[in-house]
Amino acid sequence: AVVSNAEYGDDSFNETEILDLEFKKEFDEVLGFVEKLHAKEKQILNKWLRKLKKANDDSQELKNWREVRNEYISLMCNQLRRNEIIEPFLSRPDNGPLRPVPKKLAYTKMKFTLCAESDES
């Protein structure tokens, strides 16, 4: 679900703005799914959503925190599109700063992204 400047009708968006727009688009989609979940799942995912939404330059040690935040929201969105919740969203997020998506989920994330892109064609 990569957003391009063309989708917004001009070339005036910088990379930061595009990442923020991508995040908002998938965040809003996730909210629709979360409302339909059981209480425990809803509680865990809402904690993840709060953590992802409050991630910012001041609280993150990662230079590419927007990309990491977007990887998590894309992973969550793709899982919910398939009516499944798996790692890392089976438990609450850590209290510390947002960490990169674990390498063991890299294949899963890639598989979901490829499926999501082919669904839109």
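This is a predicted model: local features need pLDDT of at least 70, side-chain atom pairs count only at pLDDT 80 or more; totals for chains, interfaces and linings use all residues.
**The chain overall**

- The chain has four helices and zero strands (both are DSSP runs numbered from the N terminus: H or I over at least four residues for helices, E over at least two for strands).
- Along the sequence, the pattern reads α-α-α-α.
- The chain has 121 residues, and 36% of them count as buried (buried means under 20% relative accessible area, exposed means over 50%, and partly exposed lies in between, with a 1.4 Å probe and protein chains only).
- Take the contacts in the chain with a separation of 6 or more: 70% of them join residues 24 or more positions apart (a contact means heavy atoms within 4.5 Å).

**Helix α2 against helix α3**

- Helix α2 covers residues 39-54, and helix α3 covers residues 65-81.
- The two pack at an angle of about 150°, and their axes are 10 Å apart (axes are lines fitted to C-alpha atoms, for helices over the stretch in contact, and angles run from 0 to 180 degrees between N-to-C directions).
- That angle makes α2 roughly antiparallel to α3 (over 145 degrees is roughly antiparallel, under 35 roughly parallel, 65 to 115 roughly perpendicular, and the rest oblique).
- From α2, the contact uses Leu45, Trp48, Leu49 and Leu52.
- From α3, it uses Arg69, Tyr72, Ile73, Met76 and Leu80.
- By class, this contact of α2 with α3 has eight nonpolar residues, no polar ones and one charged (nonpolar covers Ala, Val, Leu, Ile, Met, Phe, Trp, Tyr, Cys and Pro; charged covers Asp, Glu, Lys and Arg; the others, Gly among them, are polar).

**Helix α1 against helix α3**

- Helix α1 spans residues 15-34.
- Helices α1 and α3 pack at about 30°, with axes 9 Å apart.
- α1 is therefore roughly parallel to α3.
- The crossing of α1 and α3 is left-handed.
- Residues of α1 in the contact include Leu19, Phe23, Phe27, Val30 and Phe33.
- Residues of α3 in the contact include Arg66, Asn70, Ile73, Cys77 and Arg81.
- The contact of α1 with α3 divides into 10 nonpolar, three polar and nine charged residues.

**Two asparagines in α3**

- Asn70 lies in helix α3.
- Is Asn70 buried or exposed? Asn70 counts as buried, because its relative accessibility is 7%.
- Leaving aside residues up to four places away in sequence, Asn70 touches Leu19, Glu22, Phe23 and Glu26.
- Asn78 is also placed in helix α3.
- Asn78 has 3% relative accessibility, so it counts as buried.
- Asn78 and Val30 are 48 residues apart along the chain, yet their C-alpha atoms are separated by 9.0 Å.

**Aromatic rings**

- The whole structure holds four aromatic pairs (rings of Phe, Tyr and Trp, the last by its six-membered ring, pair if their centres lie within 6.5 Å; planes under 30 degrees apart are stacked, over 60 edge-to-face, and the rest tilted).
- One of them is the pair of Trp48 and Phe89, with ring centres 5.0 Å apart and planes at 80°, so this pair is edge-to-face.
- The pair links distant parts of the chain: Trp48 sits in helix α2, Phe89 sits in the loop between α3 and α4 (106-120), and they are 41 residues apart.
- Trp48 is buried, at 6% relative accessible area.
- Phe89 is buried, at 2%.
- Trp48, Tyr72 and Phe89 form one aromatic cluster.

**The loop between α3 and α4**

- Asn83 belongs to this loop.
- Asn83 is exposed, because its relative accessible area is 71%.
- Asn83 has a phi near 55°, a positive value in a residue other than glycine.
- Asn83 and Phe33 are 50 residues apart in sequence, and 8.9 Å apart from C-alpha to C-alpha.
- Pro88 lies in this loop too.
- The peptide bond from Glu87 to Pro88 is cis, with omega near -5°.

Methods
Residues are numbered from 1 along each chain as its sequence is written. Side-chain values use heavy atoms; hydrogens and water are left out. A crossing is left-handed if the near helix is turned anticlockwise from the far one by less than a right angle, and right-handed if clockwise.
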